[in-house]
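Reader: I would like to go through this model one feature at a time. Please take the chain contacts, then a helix pair, then the record.

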Amino acid sequence: MKMATFCCRISTVARHAKALGNTTRLLTTSSHRCAQQLTVRDALNAALDEELTRDETVLLMGEEVAQYDGAYKVSKGLLAKHGEKRIIDTPITEMGFAGIAVGAAMAGLRPICEFMTFNFSMQAIDQVINSAAKTFYMSAGRVPVPIVFRGPNGAAAGVGAQHSQCFGSWYSQVPGLKVISPYSAEDCKGLLKSAIRDPNPVVFLENELMYGISMDMSDEAMSKDFLLPIGKAKIERQGKHITLVAHSKSVGTCLEAANELAGKGIECEVINLRTLRPLDEETIIKSVIKTNHLVTVEGGWPQCGIGSEIVARVMESAAFNYLDAPVLRVTGADVPMPYAKSLEDLALPQVKNILTAVRKSLNIK
Amino acid sequence: MHRSFLRVFRNGELLRFKFRASVAFNKVLPQTYYSTSEADKPNFPGSRSVFVSKLEFIDPDNAEGIPVYRTLNPEGHFIDPSQDPKLDENTILKMYKDMTLLNTMDRVLYDSQRQGRISFYMTNYGEEGTHIGSAAALNPQDLIFGQYREAGVLMWRGFPLHQFMHQCYGNAKDIGKGRQMPVHYGSRALNFVTISSTLATQMPQASGSAYAFKRKQNGLCVVCYFGEGAASEGDAHAAFNFAAVLSCPIIFFCRNNGYAISTPTKDQYRGDGIASRASGYGMLCIRVDGNDVFAVYNATKMARQLCISQSRPVLIEAMTYRIGHHSTSDDSSAYRSVDEVSYWDKTDNPISRFRHYMANQGWWDEEKEKQWKLDSRKMVMKAFAEAESEKRGRPESLFEDVYDEMPDNIKRQMTEMKNHVKLYKEHYPLEHYQPLS
């Protein structure tokens, strides 16, 4: 399956970059040490390049990843540097190259399997779930499948129902998989490198709308040894009145909302999940015990979503007794994504939706 | 805003088209430019042929079917003596004993399922020749991806009887820790990848492993077994195409046994079997008599040499017949006649043809047959009894191997289970299990 290469609307990105630039400057505790900025795309590219250089068994395969530098240019320059044995353009069969990647991993390689978008991973889901995720267990620990399935996930812009959905909740239900949903350029670099080195199959959910956004990179993050731990969330902003938990691009929306609320004396604690499986419930529980209020935010659908899982975990934890109000979820609308921009905007969580949820939770007008 | 989006998108497509066209153009230009031939050859990227002016469709029904390679006649004599691989007596005896031992094991385990001792079983009746003939021609280091009916391959490589039994019982000695249904064997030591239940998933994986072998240049190949029914899965197409495009050293070994559960081949495909598909993918192929052990052996040996020396896939279609039911969940009398099954069992059976050959060589007789039947039955029953009385594994092994390191949420589940079982131990049959740690 292949769709036309799609690009995000320039103005949307510019607007977003501006907003993000503001929030990051305000919120990153180590900002004074940040010498450089990198786009999310370049951070991913650097992670791939460094790991390909570090380990001869790492290879990248997918549609258009080599000659064309990737449909979104994430693999730019990698073919020229690492050669066609390591950067492989495949025929258009998702089930095929996912299966090839699983087999290559079984035989000792460390493939990175790029789905042009995660929407197309549905064609290959049997290989991802029935083979990649379960083989280690079914072989009683004899056949490891070290593999990274990566590509853009979630809604892009103006590409309609079949190209705009979040698979975070789908994949995070499966034991045997690790699922990462990074937000920032630092997240992307440190977590993709960790994913490639991880001996388990990892689903790495990028976001197309974030690719072109420049973000601060600390000196450590620029190093080729920079790794972030899988399974640990990051508190992007400290706060004491309410906890906002999000993953991927929604973290940015939460930071915008937190910024706006700060002007009104409400301090939000914003948690960037980074990993969806294993879920870092400890960080969430600690935060809720401190703030007594929780709102989850995600671009995916509400039913059985990441928010639903967080709500369930909080109910089952010590944090339940500390809640002063019901937990609220801000999610994508429970409809297939409409194409028209006016409708699409309404179908995705906006800053105003978060503000409303926070006010409702805190019982203020 | 919308227009700019479309323009970028179109420009992107346009650029890409130009780029591709120029690559193709550069490649063909010199040839075309200097051509003096009157009938120009087509220059379309992705084809190699000539122009014709006659309107004609190609009908595969007009072509002769792909022939079946055979070496032994039903009496066990070589039709063409040059095709005798001249295997020594010991090898021949091992081949025969493995085929018949497999048979005996099948009978015992099939019955044990019928008696409710194990949950499921699949016999190999009628296909022993494809297993042993191919396995004997391979290097033991060649990596096997089986479908589920290739126990003979594993037996040839030395998987002991008691391991087959332990796996079917899922007991404490099963090297698979009781994780999989019966017959889903796997052995890292014997280079046999654990069987996957989902049909044909092993096929693209086998191509992927073959790609890894190609990179390693290890002089080995991958062998992927599958049935003619599995060849209808999309995975099969992906596996063939990728292996051919990536030039991988792999043997695709199709066991065409006539039935996919109940579906006969006429309802499975319209063309000339599976072998006819190979040329579409640019693969070498051969069709063999799967009930002729030497034909399977010779074809596999040659396929191995070709696929490694030329680094490209080879397809073998072994024509055979599934004498047993598909599995213990199936009763094949509902869709095929007893006479049909009996013909293949009595008249064209790989084991009996092979036995004729052995008798002709003076290596086998009635006496030896009788003794071996007794001995093999004893061996099987001994392993069977051993497996049945073996304890089940540690209960907490349920939680191992989900990840290489156990994450906290799984550790918590394990601790809860252990505490619960310890607290209520009188309600659990713990005496049948290895002790909880």
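Reader: How many residues of chain B are in contact with chain A?

Author: In this predicted model, 45 residues of chain B are in contact with 46 residues of chain A.

Reader: Which helices of chain B supply at least two residues of the side that touches chain A?

Author: They are H1 (2–33), H6 (202–216), H7 (234–245) and H13 (408–423) of chain B. H6(B) gives the largest share of that side, 10 residues. By class, the side of chain B that touches chain A has 18 nonpolar, 16 polar and 11 charged residues.

Reader: How is a pair of packed helices described?

Author: By the angle between the two axes and the distance between them. Here, take H10 (residues 250–262) and H14 (residues 351–362) of chain A: their axes come within 9 Å and cross at roughly 60°. H10(A) is therefore oblique to H14(A).

Reader: Is the crossing of H10(A) and H14(A) left-handed or right-handed?

Author: H10(A) passes H14(A) in a right-handed crossing.

Reader: Which residues of H10(A) and H14(A) meet?

Author: From H10(A) come Thr253(A), Cys254(A), Glu256(A), Ala257(A), Glu260(A) and Leu261(A), and they meet Val351(A), Ile354(A), Leu355(A) and Val358(A) of H14(A). The residues of this contact divide into 7 nonpolar, 1 polar and 2 charged.

Reader: What does UniProt list for residues 97–394 of chain B?

Author: The unreviewed UniProt entry lists "domain: Dehydrogenase E1 component" for that range of chain B. In the model, residues 97–394 of chain B are 46% helix and 11% strand. The end C-alpha atoms of this stretch are 36 Å apart.

Key. Residues numbered from 1 in each chain as written. Chains lettered and ligands numbered in written order. Predicted model: local features only at pLDDT ≥ 70, side-chain atom pairs only at ≥ 80, totals over all residues. UniProt positions renumbered as here; feature names shortened; annotations may be inferred. Helix = DSSP H or I, 4+ residues; strand = E, 2+ residues; numbered from the N terminus. Axes fitted to C-alpha atoms, helices over the stretch in contact; angles between N-to-C directions. Parallel < 35°, antiparallel > 145°, perpendicular 65-115°, else oblique. Left-handed = near helix turned anticlockwise from the far one by under 90°. Contact = placed C-beta atoms within 7 Å. Nonpolar A, V, L, I, M, F, W, Y, C, P; charged D, E, K, R; others polar.
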